[in-house]
Amino acid sequence: EIGLLNRAFNRMTTQIERQTKELVSANELIETRRAFIEAVLESVTAGVISTDGEGRIRLINGSALQVLQLDAVDVLGQPLAGISPQLAAMVQEGESTRVVQHTGGGELQTLAVKIVQGPVGQVITFEDITRQLLDQRQAARPQPGDCQEGQGQAVRRLRAEVSDVLHGFRPRARARRAQGYEYRLSDCEVGEQPRAATQGDC
């Protein structure tokens with residue numbers, strides 16, 4: 001009986017050792033994958049936040065910390081609503097994309113946000129488009145010299161049109177003077193008045 005107990009104890013010990021090794025290997029694999037994911041997240045320019053099923057922050061990358069002006073030590077484990085009520089409202093309302101206004105460090109920021117539902121919690125990605133919107137508005141706004149340039153082009157175009165009309169009008173006027181007619185500005189209203197040709201008309 002003692003030998004039977006020893007063999008049973010040895011089998012149990014072997015199983016415990018094997019299971020312990022498997023757990024250690026699984027934890028190492030999880031940590032390796034976690035480190036890889038964190039390295040990838042740190043390399044992207046977009047802000048990334050991962051939350052658990054209760055809406056608490058479990059992962060946040062450097063870009064998100066920079067945009068939201070936060071400290072990772074103070075953020076991890078905190079409710080998303082306490083960090084950004086706008087992002088938390090999107091999660092609660094079930095929206096996947098939206099442009100929101102966020103106030104960070106006293107500055108109003110415009111964020112383009114996308115939310116993906118994970119197995120547990122959400123993955124939130126966003127980019128700060130504040131500068132992009134300002135550049136677009138400045139590009140669309142007329143510059144001080146634009147109006148003057150437009151007026152100058154209109155004047156040059158009108159001058160060219162008047163010049164074309166005058167070039168066509170002068171030969172006809174010379175021909176009519178040669179025939180004994182005086183073509184005056186008032187002739188446009190009252191017609192042509194005949195007169196005798198004088199010396200110097202041609």
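Where pLDDT is low, the predicted coordinates should not be read in detail.

Next, display the whole protein. Its average pLDDT is 76, and 70% of the residues score at least 70. Because this is a predicted model, local features need pLDDT of at least 70 and side-chain atom pairs count only at pLDDT 80 or more, while totals for chains, interfaces and linings use all residues. Residues are numbered from 1 along each chain as its sequence is written, and side-chain values use heavy atoms, with hydrogens and water left out.

The protein contains eight helices and seven strands; these are DSSP runs numbered from the N terminus, helices being H or I of at least four residues and strands E of at least two. Of the 202 residues, 20% are buried. Buried means under 20% relative accessible area, exposed over 50%, and partly exposed in between (1.4 Å probe, protein chains only).

Proceed to helix α1 (residues 2-43), where Ile37 lies. Ile37 is partly exposed, at a relative accessible area of 45%. Together with Phe36, Val40 and Val44, Ile37 forms a nonpolar surface patch of about 350 Å² of accessible area. Patches consist of residues with over 30% relative accessible area and no salt bridge, in which like charges are joined within 9 Å and nonpolar side chains (Val, Leu, Ile, Met, Phe, Trp, Tyr) within 5 Å. Accessible areas come from the Shrake-Rupley method with a 1.4 Å probe; for residues, only the protein chains shown count as cover.

Then select Gln69, in the loop between α2 (62-68) and α3 (72-75). Gln69 is not a glycine, yet has a positive phi of about 55°.

Continue to Glu93, Glu95 and Arg98, which are linked in a network of salt bridges. A salt bridge is a side-chain nitrogen of Lys or Arg within 4 Å of a carboxyl oxygen of Asp or Glu. The closest N and O atoms of Glu93 and Arg98 are 2.7 Å apart, and Glu95 meets Arg98 at 2.3 Å, N to O. Glu93 is exposed, whereas Arg98 is partly exposed.

Finally, select strands β4 (residues 107-117) and β5 (residues 122-128), which run antiparallel and are joined by seven bridges; strands pair if DSSP finds at least two bridges between them. Ile115 stands opposite Ile124. The two strands form a hairpin with four residues between them, and Gly121 in the turn has a positive phi of about 90°.

Conventions: pLDDT is the predictor's confidence in each residue, from 0 to 100.
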